[in-house]
Amino acid sequence: MAIGDRIKRIRNFRGLTQKQFGMLIGFDEKTADIRVAQYESGTRTPKEDLLQKMAEALDVNYRSLYEPTLYAAEDIMYTLFELDEHYTTAVHDIPDEEYPEKSHKAVQFKSNLLDDFLSEWQQRKKDLADGIISKAEYTEWKLNWPDTADDCGKHKPLKAWKEE
């Protein structure tokens, strides 16, 4: 979700108008709503210091507004929180195959389409682990997905990715 969409969703959740919010973060009363509208529509992107002010005014963690990198655990959590806004989700304990006394967390999305996409990814990972496809083929499949998708072999993909 884009920064502007996040700002708008949280501002609405807090019950603030664009003008009220704009004034809270220091904009002049005459232009406050216009400036906020520009950020929410994506016409303008707030710089980091303004994003910090916005987070403070909305009483949220800065990470709930900015674009995550997906390389930090905290960013992954905020991405999952965003997905939770759009899908019915559940978190489950899954036993560790190697160490049965341990468990890991798994996120479930109740979405048939997402299940289909994840099933194919699961198959590609299995094929890689079993030596059926190479690391290069697996990477090619990911880099060109969804054109490489074949619904687990049920149809021909739009883009070939397996070496012949």
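**Rings, patches and helix faces**

Colleague: Why is Trp145 called partly exposed?
Modeller: In this predicted model, Trp145 has a relative accessible area of 33%. Buried would need under 20% and exposed over 50%, so Trp145 falls in between and counts as partly exposed.

Colleague: And what makes Leu113 count as exposed?
Modeller: Leu113, which sits in helix α6 (residues 112-129), has 51% relative accessibility. The cut-off is over 50%, so Leu113 counts as exposed.

Colleague: Phe117 next: why is that one partly exposed?
Modeller: Its relative accessible area is 35%.

Colleague: Which residues make the nonpolar surface patch of about 280 Å²?
Modeller: Leu113, Phe117 and Trp145.

Colleague: On to the rings. How many aromatic pairs does the structure hold?
Modeller: There are 6 aromatic pairs. One of them is Tyr78 with Phe81: the ring centres are 5.4 Å apart and the planes are at 85°.

Colleague: What makes Tyr78 and Phe81 an edge-to-face pair?
Modeller: Centres have to lie within 6.5 Å, and planes over 60 degrees apart count as edge-to-face. With 5.4 Å and 85°, Tyr78 and Phe81 pass both tests, so the pair is edge-to-face.

Colleague: How do you know that about one helical turn separates Tyr78 and Phe81?
Modeller: They are 3 residues apart in helix α5 (residues 73-86). An α-helix has 3.6 residues a turn, so a separation of 3 comes to about one turn for Tyr78 and Phe81.

Colleague: Why are Phe117 and Trp145 called edge-to-face?
Modeller: Their rings are 4.9 Å centre to centre, with 85° between the planes.

Colleague: Which residues of α7 are buried?
Modeller: Glu137, Tyr138 and Trp141 are the buried residues of α7. Since they cover an arc of only 100° around the axis, they lie on the same side of α7. The face turned away from that buried side carries the exposed residues Lys135 and Leu143.

Colleague: Last one: how do you know that the charged end of Lys102 sits over the ring of Tyr99?
Modeller: The charged end of Lys102 is 5.7 Å from the ring centre of Tyr99, and the distance cut-off is within 6 Å.

Methods. Residues are numbered from 1 along each chain as its sequence is written. This is a predicted model: local features need pLDDT of at least 70, side-chain atom pairs count only at pLDDT 80 or more; totals for chains, interfaces and linings use all residues. Side-chain values use heavy atoms; hydrogens and water are left out. Patches are made of residues with over 30% relative accessible area and no salt bridge: like charges are joined within 9 Å, nonpolar side chains (Val, Leu, Ile, Met, Phe, Trp, Tyr) within 5 Å. Accessible areas come from the Shrake-Rupley method with a 1.4 Å probe; for residues, only the protein chains shown count as cover. A salt bridge is a side-chain nitrogen of Lys or Arg within 4 Å of a carboxyl oxygen of Asp or Glu. Helices (H or I, at least four residues) and strands (E, at least two) are DSSP runs, numbered from the N terminus. Buried means under 20% relative accessible area, exposed over 50%, partly exposed in between (1.4 Å probe, protein chains only). Rings of Phe, Tyr and Trp (its six-membered ring) pair if their centres lie within 6.5 Å; planes under 30 degrees apart count as stacked, over 60 as edge-to-face and the rest as tilted. A charge sits over a ring if NZ of Lys or CZ of Arg is within 6 Å of the ring centre and within 35 degrees of the ring normal. The arc is that of the directions from the helix axis to the C-beta atoms.
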